[in-house]
Amino acid sequence: MATFISLARSFHRPLSTSSSYSATSKHLLKSRICPLWSPSFLLCLPPTRTTLLRRSPSLPPVAVTRRASFSSATMSTVTDDNPLLKDFEFPPFDSIDASHVRPGMRALLKKLDSDLIELEKNVEPSWPKLAEPLEKMMDRLTVVWGAVNHLKAVKDTTELRSAIEEIQPEKVEFDLKLGQSKPIYNAFKAIRESSDWEGLSDAQKRIVESSIKEAVLSGVSLDDSKREEFNKIQQELTKLSRKFDENVLDATKKFEKLITDKKEIEGLPATALGLAAQTASTKGHENATAENGPWMITLDAPSFMSVMQHAKNRTLREKIYRAYITRASSGDLDNTQVIEQILKLRLEKAKLLGYNNYAEVSMATKMATVSKAEELLEKLRSASWNAAVQDMEDLRKFSKSQGAPEADELTHWDTTFWSERLRESKYEINEEELRPYFSLPKVMDGLFNLVKTLFGIDVEPADGLAPVWNGDVRFYRIKDSSGKTISYFYFDPYSRPSEKRGGAWMDEVVARSRVLSEDKTSVRLPIAHMVCNQMPPVGDKPSLMTFREVETVFHEFGHALQHMLTKQDEGLVAGIRGIEWDAVELPSQFMENWCYHRDTLMSIAKHYETGVSLPEDIYQKLLAARTFRAGSLSLRQLKFATVDLELHSKYVPGGPESIYDVDRRVSEKTQIIPPLAEDRFLCSFSHIFAGGYAAGYYSYKWAEVLSADAFSAFEDAGLHDDKAVRETGHRFRETILALGGGKDPLSVFVEFRGREPSPEPLLRHNGLLQSAA
């Protein structure tokens, strides 16, 4: 939202879209996407993105959850039967449907508009008379609109899309009115210039400063004609981002390949065959079995990746790969012109605000500058290039030794397949053979035990306490060491390609807040939701995970921890709110490191049938394989980050270069194998065209430096020293996870680490220090 402090942001991983966005890049509920990790454009598999949220610490002695209250005389005519407007502690996800969106949102917006008029009329430059009523107003909108958009992400329907499409311009109009309120803007400036300034807490000062900056970026200082133009741009950008997102989802759903001859899918593991048969049975082939088929391949991540990694049929791999990289690039679902228009409007918006390009607008609220981001990307690129070249040479040699006819001309649909074979050969590790050791229940138990050790919290099932949107969704409560409940979260683990967008993300449901507690002396407890897209249970087997999927769960939970464990009572900067975008991935990427920690992994990796632990030699091989093809994987992320910055800082819409020319030019320095002529990856790059990562994808690498250095504090203390680990974990919780957006992230990092961050631990963890030298 374009208002003063963006209330909620959702975090994701690899290419997943975000939860619905509003007027500006800092809109109210932005789902954070996970990075595009896998060598094959994994939507959101491993380590980033949305997600997710994060934050730590325990709450004050008496912590109570306030019921969200939306009733008023203004809304009384629709409140009785509209779940969006009823008082609730937990959103009624099981009863909200598309028919509630239009009347519910219109009633709410009408009430909030009235509240805004009243606030502007009586505004005073004091904390209780300005920031507190503003937080209440913004929070109501965040909770209701967040619930609606969350359902669109996990339970999409044509009717819900239509309702959101119709109401969104009205919501954006309110966002803009609030963001461009001169009385509120002037009141915040008056607070900064008053004698009360020094009496404010650091968090309150951050809120004031951020509110002023966000108001300027929302167009508050523009004259009437320019502000009108700015608002039209915001409305159009909102529509375009939604259209981009929907085109990607529809294009992904549209592709289906039915296979009846088992020879065509030779090499696919039993889990993939089971999923393909299960998918076929839901599409009308009721008698489909894993053994005899038929089998249906889709572009949903679990299906797509199983083919790219394991199918011996090179023709099939090529077909699926080409379909994947050309999603949403033709016919009615073509995103090419959507992208062109988005980039054009973002540039126009930047010019109106007095910036040279949109990247400068994006960086105005981040730790980095354009030049600093480019400097980091180039440093990491140069450290990764030679290693990536060697990776490709190793693949060629290995595939040739295996008699592969394509060995001398390996291309995009070969690299993932042969990388998996080389990894199996070099480390004797087979991802699919490891699945039985990573059942979802055991993984979650191990994760919860880890955070108990590190942060002194207990995670308990609380199913039935809150309504859910699907029967597979789990609900949990978190308690501190005294047994007091301090937060809650939902977990939606499985892929549902017919209704749920791809990727993995974390988002807030409600945030911690003193103002929004019942008595204003305790706090309202934070609630999060965490969403993944892993393979569902097949038959009587539990969900069996790849190691990458294990990393993804840890990643998203890192985001959730920062949201749920915050000790910040000022709701506008609690948890992840108010944290610079390029610092929010620190806790999520930090948590991934624990997947390689021996005690943690061994607590997770137990065979789902026998209970036998993962053999020690396999653990050692997993550890050794951690840096396998690190140069190639690093280059891949750097390509995404670089093309994002190029499009938002140097690209001229309508100029001599097309967006695909830019992509190919960047690829010359970031891809060992040039992209195909028909590659239209940009048409599904939801992170930057439908999410919060425009001119911000570099944030994954920026935060990776921070997270690797943070984990190195535990290495320095001694990972085998339980007392030292607990002490360091407590310090991490009291700083990185506790302070929210109430303090600038560099100061928070220094408070934890005792010094400014260094890229050395990241290069060391990736085995690239020698390359850097």
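User: Let's start with Asp569: which residue does it form a salt bridge with?

Analyst: A quick word on the idea: a salt bridge pairs a side-chain nitrogen of Lys or Arg with a carboxyl oxygen of Asp or Glu, within 4 Å. In this predicted model, the partner of Asp569 is Arg512, and the closest N and O atoms are 2.5 Å apart. Asp569 sits in the loop between α17 (547-564) and α18 (586-592), while Arg512 sits in the loop between β10 (505-510) and β11 (527-534), so the pair ties together parts that are 57 residues apart in sequence.

User: And is Arg512 buried or exposed?

Analyst: Anything under 20% relative accessible area is called buried, and anything over 50% exposed. Arg512 has 1%, so it is buried. Asp569, with 24%, falls in between and is partly exposed.

User: Which residue meets Lys567 in a salt bridge?

Analyst: That's Glu734, at 2.8 Å from N to O. Lys567 belongs to the loop between α17 and α18, and Glu734 to helix α25 (residues 722-734), so this pair ties together parts that are 167 residues apart in sequence. Here Glu734 is partly exposed at 25%, and Lys567 is partly exposed at 29%.

User: How many salt bridges are there by this rule?

Analyst: The count comes to 63. One of them joins Lys621 to Glu428, with the closest N and O atoms 2.5 Å apart. Lys621 is in helix α20 (residues 616-624) and Glu428 is in the loop between α14 (412-427) and α15 (431-434), so the two tie together parts that are 193 residues apart in sequence. Glu428 has a relative accessible area of 54%, so it counts as exposed.

User: Which residues are linked in a network of salt bridges?

Analyst: Look for Glu374, Glu646, Lys650, Glu657 and Arg665: salt bridges link them in a network.

User: Now for Thr600. Where does it lie?

Analyst: You'll find Thr600 in helix α19, which covers residues 598-604. Its relative accessibility is 5%, so Thr600 counts as buried.

User: What does the side chain of Thr600 make a polar contact with?

Analyst: For a polar contact, look for a pair of N or O atoms within 3.5 Å. The side chain of Thr600 has one with the side chain of His597, at 2.9 Å.

User: Leaving aside neighbours within four places in sequence, which residues is Thr600 in contact with?

Analyst: With those neighbours set aside, Thr600 is in contact with Leu450, Phe554 and Trp594.

Conventions
Residues are numbered from 1 along each chain as its sequence is written. This is a predicted model: local features need pLDDT of at least 70, side-chain atom pairs count only at pLDDT 80 or more; totals for chains, interfaces and linings use all residues. Side-chain values use heavy atoms; hydrogens and water are left out. Helices (H or I, at least four residues) and strands (E, at least two) are DSSP runs, numbered from the N terminus. Buried means under 20% relative accessible area, exposed over 50%, partly exposed in between (1.4 Å probe, protein chains only). A polar contact is a pair of N or O atoms within 3.5 Å; within protein, one must be able to donate a hydrogen and the other to accept it, and residues adjacent in sequence count only if both atoms are side-chain atoms. Contact means heavy atoms within 4.5 Å.
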